[in-house]
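Open the model in your viewer and keep the selection panel at hand.

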Amino acid sequence: MQVHRDWLLTPQRAAVHLPSATAVLSDLHLGYELARQRRGEAVPGGSLDEAIAALTALASAHLVRRLVLAGDLVEDRTGVDRLGTFIAWLQTAGVELMAVVPGNHDQGLSGSFAGPPVVSTSLDLGGWLVVHGHGRLPPGRAVLGHFHPCVRLGRRVAAPCFLIGRRRIVLPAFSPDAAGVNVLKLRQWRAYRCAAIAGDRVLDFGPVGELARRVRTPLVHGLRPGKQYSRDTASPRR
Amino acid sequence: MEADDLEFLRTVPPAAAAVAALDGPIREWFAGRFGGPTQAQRLAWPAVAAGKSLLLSAPTGGGKTLAAFLPVLARLRESPAGGVRCLYVAPLKALVNDVFRNLRETVDGLPAGPEIRIGLRTGDTPAAVRRLMLREPPDIWLTTPESLAVVLSQPAAAEVFGSVRWVVVDEVHALAAKKRGADLSVSLERVGGLAPGPVQRLGLSATCCPLTEAARFLAGVGRPCAIAEVPDQVPLQLTVEPLDTAHGFLNALLDRLRPELDRNRTTLIFTNTRGLAERLTWAVRRSYPTLADRIGIHHSSLALGCRREVEERLKRGELRAVVSSTSLELGIDVGCVDGIVLVHPPGGVVRLLQRLGRSGHGPGRRRRGLVLTATPAELLEAAVTGASGRAEQCEPLRVPAPPLDVLCQQLLGMAAQSWWTPDEAYRLVRSAYPYRNLPRADFDDCVNYLAGRHRDGRDWLPSRLRWDGDRFAVRDTRTARVLRCNVGTILTDEPRRVIQTDRDGEALTDPATPRRSDVGPSEPGGATVGEVDEAFAERLQPGDRILLFGRSWEVQEADGPELRVREALGRPAVPKWTADGWPLSEQLAERLYLLRAQAAEALRDGPVALEGLLRDQYGLEESAARLLGDFFEQQECMSEVPDGAVCLVEVVGAEYYVHTPLNRRANDALARVAARRLARDDDEPASSVVADLGFVLSLRGETVLTADDFRGLMRADRFDADLAEAVADSITLRERFRRVATTGLMVLRNPLGGRRRVGGADWAERRLFSRVLAADPDFVLLRQARREVWESCCDREAALRFVESVQRMAVRVRRLAAVSPFAAAWTQPAAGPAETVDTPARALERLHAVLTGAERAG
């Protein structure tokens, strides 16, 4: 799906700036499970391999010469160890890492690692500023991450989505570990267009407010917003 | 254990012989205070004094607590040695607090003698008191299973519990069938391992059957146990009555409650959900403004302080009514309740009797109960439940298969307490009754998981253990801390705390003041009102009003980890708690199905015959019988009443209503298999909704199913395999896995350094599930989750029995113009959760198609 003339929204959770063949993606949260392990949980690794596979899929599906990361590259300090593999992938894939715009999780990234060119807070890409999104947003056009937008319908459907405003493109989190914030429940995005990822397609659902209103009634059999799909939920009778 | 090890005490010893079992001063004190012993005490004292383990089943108010404790107190006074000598465990904090106070009072009343110290340790005990209890252990240690597990996972446990002689387990029937019971059973074995000699186990239980199962659970494998049963001799007076809901359910209910409230000194009202309890309290308070502050509410999502306040006032006789969901079902002494009202049938005989047993402790004892129903279907269900209750045909107690997630938690607790070889640990665990048949392979898988070892030998998870030769212990102090903060987590749902921001809630503070020599109940802060489900809290915004503790609260802050509220006026929303609810019991479902057929048969002989049947065998009034008569006639007019020889499928449009003699769990298994077969073999994605006595399959309208198709959908061949396939990737299994992984401490409810929100509450079911499945499809916690789905969410065995019998039955498909009364009442819950077999992506695409299609049309 193409928006604002230059931007291709891909089902691989990245927005590609077509004139410069630059993919912008956000919120990789590398080392997410390491952070959980550090908090005492016994969870297996594997998200790095998944991230690499997803990046490979992105690069093979679209013409991507350059990469811009819109923040939250790592989950926390422990994730910095994982960057080596990521850099190696860039070299194999022949993709140039233009910049990392640091996010709120990226503290300690620039100090401990010499690899990616960490810029201060934003980067200009054909008139669009790439920012992470955790601070005050610039007045002009901006591409941002941070919010992990998704469309949630019941418990079964939680699809990451892009939000498109007049001067904004909000990216979904690249990491599937991020839970996603249900845009249907938030007032601030009501005027934005919502493009949700369903498998290998990006579906345009129109304005968020309109979608929220229309899915309140059961349109599709078995799909109701806000209803729990759990079998353990009982009838209200008992 | 051989049956020979269980001994039924059938003859009740004379009072004199029973009292002789007590020591002199206590004997005199008892005679002066109570006169003669109750039947329970006469049965128990000689056996307890003789050193036997004993399961005592008696109705509430039968002097059970003293039956167990008095001989123990007598022995404690004989030898004032140090250390904990008696351990008391009860499933509810409220009950532990209650027993603490009763025991304190008893001990204070005893004639002068050596001091007996009593300590109370629950999740609410402040840290300073916890430390004090470890330093100077009291003689009697009162606790819950979770808190016991916490204390047992510290090296100090060896000293604290090194001199235990008696263990008293309260409400055995409520624990034995649960995971918490399995947890406790291993904890008790560990206490036994620390004790100097054999531990005498005393169990208190309400009526349950079979008692032998409860006794084996109590005693552990290979140990003898005596069983004493005191039948409930208080006459049961049970009325089942339909509400006239023409002007709304709540109005009808309020009208019907008025005479009850007027007549009774104290009425206890049970609802089946916390939400209805809240709504009803709110409504009752509004329609009886003069009584408003004497109407209480009690359910498990209210803060401890709120519940305690209600319990205290109930006991002091200050309340005219208390509305409760399930939390007042168990044995805390609720004082002189003289009327019990059940709103909606309770779904099980045990539950019915338990609720009715809350009354009739006062003078002129009677168990008086009123069951109010909203629909003819409920009326019929209540009639069956009542008849089974009068005949005391309870659902049998089943100790579940050994839960492996609980075992992992226990193993880590053991490792935190001292060093073990796997053989030693295995032997100890196997002596707990729920784990008597635990295969060594399952045990080894648990140890391997804790050691972080994959079955192929590589390390795949962080290890929680360190090894010294073949002995293991917890890896480091950090891991021990993780364990301490999370032990006792047996997860049911994920609640969000509701905090009152302005502190005018003086009533919320705890009235009980602990004594100096004791370690008593206390309350950290007084501003928590209760908790609501995360899913409900997620939808709230500042300014929304919610109903909790029977009051209206306005949400101030909804973003943080807690919900901050301020009391406000105005109509509030009722919270929805997902853990609410349970299916009709298997027995009742079958009996209900049969009664329907029987009633239809009787109706063929005329309305009088039906009324006679319902009156004579089910104790229903004439008006109620008439109501049911109409209901059956409507069904007969539109369709038919299915009996044991026919499987009825009613079709309305593309919805297929299947009637079965099964409860929700068995229907769940059946519906899953049918939907799976439709999707796989006919490429027809169907969604299903299950209920008691039936389920609904909704198709998309292209396919028409015949009786033969239904025979195919319900064939016994490959049923197991298809069910496994249907469950394999279901949301049910994922959810169950999240809970199992939390209980098994793979993910933590209280991680070190607090929670991070990136992954969200459902990370384990969304992400961890898939990763674990990919790494090891037979991973021990995954296996446990699967087992639980098979056992508790969908009753595979009952469904299988049914599909086998369907082959001998007629399958009749009837096309109807509208939903029949039976289908409306029994095959679909009022607002049922549907499950589709579509992938999420496909579901989204369909939604998109519908939305854009509608756009073009409009």
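**Stop 1: the 8-stranded sheet**

Select helix 10 (residues 179–194) of chain B, which lies across strand 3, strand 6 and strand 7 (200–205) of chain B and runs at about 170 degrees to strand 6 of chain B. Helices (H or I, at least four residues) and strands (E, at least two) are DSSP runs, numbered from the N terminus. Angles run from 0 to 180 degrees between N-to-C directions, with axes fitted to C-alpha atoms, for helices over the stretch in contact; contact means heavy atoms within 4.5 Å.

This is a predicted model: local features need pLDDT of at least 70, side-chain atom pairs count only at pLDDT 80 or more, and totals for chains, interfaces and linings use all residues. Residues are numbered from 1 along each chain as its sequence is written, chains are lettered from A and ligands numbered from 1 in the order in which they are written, and side-chain values use heavy atoms, with hydrogens and water left out.

Now show the open sheet of 8 strands in chain B, with parallel pairing and the order 1-8-2-7-6-3-5-4; two strands pair if DSSP finds at least two bridges between them. Strand 1 (6–8) and strand 4 (118–121) of chain B stand at the edges with a single partner strand each, so one side of each has no neighbour in the sheet. On average, neighbouring strands of this sheet are turned by 15 degrees against each other, direction ignored.

**Stop 2: strand 12 of chain B**

Select residues 321–324 of chain B. Ala321(B) and Val323(B) on one side, and Val322(B) and Ser324(B) on the other, are all buried, that is, under 20% relative accessible area (1.4 Å probe, protein chains only). Strand 10 (residues 267–270) of chain B runs parallel to strand 12 of chain B and is joined to it by 4 bridges; Thr267(B) has Ala321(B) as its bridge partner. Strand 11 (residues 295–298) of chain B also pairs with strand 12 of chain B in the parallel sense, over 4 bridges.

**Stop 3: rings**

Rings of Phe, Tyr and Trp (its six-membered ring) pair if their centres lie within 6.5 Å; planes under 30 degrees apart count as stacked, over 60 as edge-to-face and the rest as tilted. The count comes to 20 aromatic pairs over all chains. Select Phe30(B) and Trp45(B): the ring centres are 5.0 Å apart and the planes at 85 degrees, so the pair is edge-to-face.

Terms used:
Buried means under 20% relative accessible area, exposed over 50%, partly exposed in between (1.4 Å probe, protein chains only).
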